[in-house]
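Subject: Structure for your review

Dear colleague,

Please find below the structure that I am handing over to you. I would be grateful if you could look through it alongside the notes that come after it.

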Amino acid sequence: MLRAIHPGLLTSLVLIALTGVITTVTAFIGYYVGRDSLRGVSQPVVNPILGNALSYSGQERPTILNEAEIIARTQATIAEMSHTSTERDIVPAPAQSAAPEPQASEQSSLPIVAEDKGVRLEVRSVQSIGQDLVLNVTLKNDSSQGIQFIYTFLEVKDDHGNLLSALTEGLPTELPAGSDLATGVITIPKSLLADTKTVTLRLASYPNQDVQLQAANIPVRGE
């Protein structure tokens, strides 16, 4: 009878049988692996007919929380926190002591005099003219030798230590020995004196700077 079966048909039957066997084995392995991975995992019984028939193999039955109970507990916790925060003592911040007012320097009143080696620089008055602050100054040389000044080297600083630009007018570049009193002005733009209270002048002789004249704490105010 086997001889009567066509060889091609026999091959097909063998392949079908092998396929069936492989499929069965694969399904069994998949079922076994899936069952092993889900071992110990269960869900609560919701079928009223089964009741407590299922066993949990020594594990505690999972507890299903009541939604109303959860909401009540949350509201109680929030109310307790609010009550606690309202009962906290409010500690007032310590009052800051008033900052002491800066005391005026001993040289804050005019005129202000600077003198070195017989050469005298005096700031007599301060005037506010338009957009400028004008310092009226005098120079006198009572020494026995002539002195030269270059006013591009005149140094003007505010009370913060910042250099200020200034122009001079009327002051001589050379003071002979025993010279007469020379007068002039130093002009500072008021735009540079926003929060400045005092300025300092520094003038040195040229070229060796043997004479150093410094007038400090000149008040920035107009007459």
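The findings are set out below, from the whole chain to a single residue.

Please bear in mind that this is a predicted model. The protein chain contains 2 helices and 11 strands. Read from the N terminus, the order of elements is α-α-β-β-β-β-β-β-β-β-β-β-β. Of the 223 residues in the protein chain, 22% are buried. The accessible surface of the chain is about 16,800 Å², and carbon and sulfur atoms contribute 56% of that area. Among contacts with a separation of 6 or more, 56% are between residues 24 or more positions apart.

The volume of the largest cavity is about 30 Å³. Its lining consists of Leu121, Val137, Tyr151, Leu154, Thr168, Leu171, Ile186 and Leu203. By residue class, this lining comprises 7 nonpolar residues and 1 polar residue, with no charged residue.

Glutamate 122 lies in strand β2, which spans residues 119-129. Glutamate 122 has a relative accessibility of 11% and therefore counts as buried, the cut-off being under 20%. Leaving aside residues up to four places away in sequence, glutamate 122 is in contact with Pro111, Ile112, Val113, Asn136, Val137 and Thr138.

With kind regards

Terms used: Residues numbered from 1 in each chain as written. Predicted model: local features only at pLDDT ≥ 70, side-chain atom pairs only at ≥ 80, totals over all residues. Heavy atoms only, no water. 1 Å grid on protein atoms, 1.4 Å probe; cavity = no way out; pocket = protein on both sides within 12 Å on 5 of 7 lines; lining within 4 Å. Points joined across faces, edges and corners; volume = space filled by probe spheres on them. Nonpolar A, V, L, I, M, F, W, Y, C, P; charged D, E, K, R; others polar. Helix = DSSP H or I, 4+ residues; strand = E, 2+ residues; numbered from the N terminus. Buried < 20%, exposed > 50% of the residue type's maximum accessible area, 1.4 Å probe, protein only. Contact = heavy atoms within 4.5 Å. Areas by Shrake-Rupley, 256 points an atom, 1.4 Å probe, with all protein chains shown as cover.
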